[in-house]
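User: Could you walk me through how to read this structure, one feature at a time? I would like the general idea before each case.

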Amino acid sequence: MKTSNPFKAIIGVLIVLLTFAFILPYFAPYDPRRWATVPRDQPPSGTYRFGTTTVGQDLFWLSSYALRNSITLGVLTAFVSISIAFLLGAIAGFTRSSILRHTLTLFIDSFCLIPGLPVLIVLAYSWRKYLSPVLIALILSIFGWAWPSRSVRSLMLSLRERPFTYTALLSGFGMIRMFFYEYLPYIIKWLAVSFLGLLNWAIGMETTIAVFGLSSLEEATMGSIIFWAMQYQAVLRGIWWWIVIPILILMLLIITLYELSKIAGELIGAR
Amino acid sequence: MFARAFVGRVMKGLELRSFKLLAHVISRLSFFLLTVWVGLTATFIVSRATPIDPSVILVSRLLALGSHLRPEEILAMRQQILELYGLDKPVYEQYLSFIRGVLSGNLGPSFAFFPTPTIDLIRNSISWTVLLLGFSTVLSWIIGNVIGVLAAVFSRSRMSKALEWIAMVLYPVPYVILAILIFLFFSLVIPMYRGVGGAGMLMPSLSVSYIVEVLTRLSIPALSIILGSSASWFLSMKALALSVKEEDFVSYAIIRGLGRKVVTKYVMRHSLLPQITSLALSLGYIFNGALVTEYIFAYPGLGRLLYQAITNSDYNLMLGILSYSIMGVALAAFVLDLIYPLIDPRIRYGG
Amino acid sequence: MDLVLKGLNIEGGYELPEVYVDAVSNVSLELHRNEVFGIAGESGCGKSTLIKILYGYVEPPLTLKNGSIELYTNDGHIFNISSLSPDELRKTAWWRHVSYIPQNAMNVLNPTTRIRNHFTEMYSAYMGLEKSEAYARAQKYIESFGLPNDVLAAFPHQLSGGMRQRVVIAISLLLEPNLVLADEPSSALDVINQRAALMFLKNAQKMLGNTLVLVSHDMGIQGVLTDKIALMYAGKIIEVGETPAIFENPMHPYTKALVKSLPRLGDKAQRTGLKGQPPDLKQPPPGCRFCPRCPYSKPICQKEEPKILEIERGHYISCWLR
């Protein structure tokens, strides 16, 4: 395990964020989602560390709550997407049938090309009444799997062509044993990097859809905070903290996850 | 055997010198058709597999606008919608009429601006989106790739490493956040925000003042897209160019004493090829970014139209935007794919 | 001046993350005008590395630890290749006085550039010629080699392997350098193309009267084309001599075994090879590097590196026997 300074810093920031998201909400003195719990439009101060919103919410506790939702949603999306990606990509990479491989490749590529945002927006709009973080995650997964699937496919293709695959097959190794002993390190590395990448993508996508006003109505996410801030003209009215703070938190989270994925890519180096 | 002879005949007839070229065109054409088909089918599924009833939406929308409708009129309207969506017919007939409608440009009326056809609304917005998208994409692709190659050739310089750090901060940030940040910057920090998008009050013309006006209003949202995209192209190009640098023909150029300029040219030409392919496939992702950027900056393109459609519950317009977005992106990718052989002599003159 | 290149005590190798590979150890040689000098040996003996060092193309992880290499030009100028950086060499000696035909020459042409541009780039870089003039020059040049005219308009992938090889050879002779270093200029070709490419090279050398260094593991090629041969083993030169002498009277045990293993017309005796492998150059053995495989080794061979002996005029070996 690398214990260099950048790595420590990144892990540190991540721990702070995760604590903020998952441990802190239990200590909230009130339900942060409810309106009119605290004085409106207060700038950040000692009492209200992140300030308050125009509808009377404490931004500090609200952010903590929303971050939890955003991360959970992201993790769920990443998980579902990566499963689909792995399944389709592995078939596309491993199959001997060239018709299947070509069709599947074209299919995967078409999902990469199709602009997902409009589709997701229309979907989210249609199911507005039922939107919950879980449903949003499932909806996002419809497009999340495409790009990772491409990289699984090329990973599988390259693994399949390696000399030791042929020699192993010839010398009687069972496919499953070979899979575990030889391929696993590469696959784990790929999984780590892709999962983090997907997580970032999902958080970004959820924020985007929320900013269009299509997030969950009851639950708060980082994106929905920004949406409401924009709805209430926060910037024009000088209530800058309502938008800036969630953005800073998001950027911190996303950049940290990205750095982590880079490190994961280098750490689990190929033999 | 027989197929070979047939293909040879076709090629002779079209005066194509390269089999590879023909194969390339056919392959990309089939990809284009497949993508459009998958996309439109997905749109169809989304539009039918919903818990909402479009006719109800339309009626409630009109009522909300304060129009007083007699019961017969409501019925007639609902009937119109029913016919439009073919909800009384079997699914495959609905599907076929949907596809036919999209391809012929007949999508029905907008719910919010009833009875204006949605196609008219889309047509007005799409040119603005193409302008923003084209401008930002081309600029960021060029900037990112050129700087990326230079950073790879001079990989040991401090500037190269500094640029990489900057790119690694910009790259993972989603377009929506970048757009908001730029928006905040130009509203709060440097109030340059005169009004964005379109051309204000000016009438379309080819005059210099019109063009200047369009470009100035275009610049801030374009900046937002360019920052994010350039970083992405920079990172991928730098990595690519570094590996191309290791290839035999590059070291042969060095051995021949051809100097940094020629070597850079070699690396760049060779690395640009995969970057074009990459661009063609990434168009969907970049389009997403353009949509949200337009919304944040209230730029009169499809992004803002889409947001209006959402707030106005204009379901039909949403579907229209969705269909044409997919076809537009697929078409743009196809055009890029056709340009590729012009630059790669191995395909253009391949055996 | 008859001397073209003098290399003394060249030590070079590859600096890898945790180890140094001693690829060329204490090599000295002299190259004279108008001769074809062969460097022979099995794969991994260091011939390609030596050639790169002689050319001065020393880019990490390759390093030159010790030694001096001096290039003598026709007009009395001396270039100290070992002390000049690639950038300096590029401006002074490269291609004008010494050129290089790399291994894998078939694939060193730029796939996205036409052949004629390969030539015009050189003309414009070295002679400052305009494109049109460079085109004309290139055309005449190609014709003087007997290569077909339409080669210039083609892209590398449109030409056969043999043709590409000949183009690379032609490029190397563009500025008529004193010294041409050719690293395995024909290994990737089939036998017929091999012969064509090599005769091409040899004829050019005869025409220009320069010095050609021919690196090849193929003793058949060495026998036909060269005037002198130096044999390398595990980074060291173990025998140098005129080609006929090497084949008829090999002195070093390695050379003896090598020559014996070559098929000869009419000789139906069974061929034997040497047992064993060359030593690992990350940890080279002390003493003579061939000792572990040598059928004649004495105790001293293991401890001390043999000195260089002159057996007869112009015929040297590095061995304790004698």
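**Reading the chains and their contacts**

Analyst: Gladly! From the N terminus on, the elements of chain A run α-α-α-α-α-α-α-α-α-α, which comes to 10 helices and zero strands. Helices (H or I, at least four residues) and strands (E, at least two) are DSSP runs, numbered from the N terminus. This is a predicted model, in which local features need pLDDT of at least 70 and side-chain atom pairs count only at pLDDT 80 or more, while totals for chains, interfaces and linings use all residues. Residues are numbered from 1 along each chain as its sequence is written, and chains are lettered from A and ligands numbered from 1 in the order in which they are written.

User: How many helices and strands are there in chain B?

Analyst: Chain B has 14 helices and zero strands.

User: What share of the residues in chain B is buried, and what share in chain A?

Analyst: Start with the cut-offs: a residue is buried if 20 or more other C-beta atoms lie within 10 Å of its own, exposed if 12 or fewer, and partly exposed in between, with C-beta atoms placed from the backbone. For chain B, buried residues make up 42% of the 351 residues. For chain A, 46% of the 271 residues count as buried. The C-alpha trace of chain A spans about 75 × 45 × 30 Å along its principal axes.

User: Is Ala162(B) buried or exposed?

Analyst: Ala162(B) is exposed, because 11 other C-beta atoms lie within 10 Å. This residue is found in helix α7 (residues 158-170) of chain B. Compare Ala245(C), in helix α8 (residues 243-248) of chain C: with 19 other C-beta atoms within 10 Å, Ala245(C) is partly exposed.

User: Which residues of α3(A) are buried?

Analyst: First, a general point: an α-helix has 3.6 residues a turn, so residues three or four places apart point the same way. In α3(A), the buried residues are Ile108(A), Asp109(A), Ser110(A), Phe111(A) and Leu113(A). They pack against α2 (59-94), α5 (133-144) and α6 (146-161) of chain A, together with α2, α11 and α13 of chain B.

User: How many residues of chain B are in contact with chain A?

Analyst: Two residues are in contact if their C-beta atoms, placed from the backbone, lie within 7 Å. By that rule, 41 residues of chain B are in contact with 36 residues of chain A. On the chain B side, α2 (19-48), α8 (175-189), α11 (259-296), α12 (302-311) and α13 (315-343) each supply at least two residues. The most come from α13(B), with nine residues. This side divides into 34 nonpolar, seven polar and no charged residues. Here Ala, Val, Leu, Ile, Met, Phe, Trp, Tyr, Cys and Pro count as nonpolar, Asp, Glu, Lys and Arg as charged, and the others, Gly among them, as polar.

User: Where does chain C come in?

Analyst: In the contact with chain C, 16 residues of chain B meet 19 residues of chain C. The elements of chain B that give two or more residues to this side are α10 (248-255), α11 and α14 (345-348). The most come from α11(B), with five residues. The chain B residues here divide into eight nonpolar, three polar and five charged. Of the two pairs of chains in contact, chains A and B share the most contacts. Chains A and C do not touch, and their nearest C-alpha atoms are 15 Å apart.

User: What angle do α8(B) and α11(B) make as they pack?

Analyst: In general, two packed helices are described by the angle between their axes and the distance between the axes. Axes are lines fitted to C-alpha atoms, for helices over the stretch in contact, and angles run from 0 to 180 degrees between N-to-C directions. For α8(B) and α11(B), the angle is about 30° and the axes are 9 Å apart. That makes α8(B) roughly parallel to α11(B); angles under 35 degrees count as roughly parallel, over 145 as roughly antiparallel, 65 to 115 as roughly perpendicular and the rest as oblique. Tyr175(B), Val176(B), Ala179(B), Ile180(B) and Phe183(B) of α8(B) make the contact with Gly289(B), Val292(B), Thr293(B) and Ile296(B) of α11(B).
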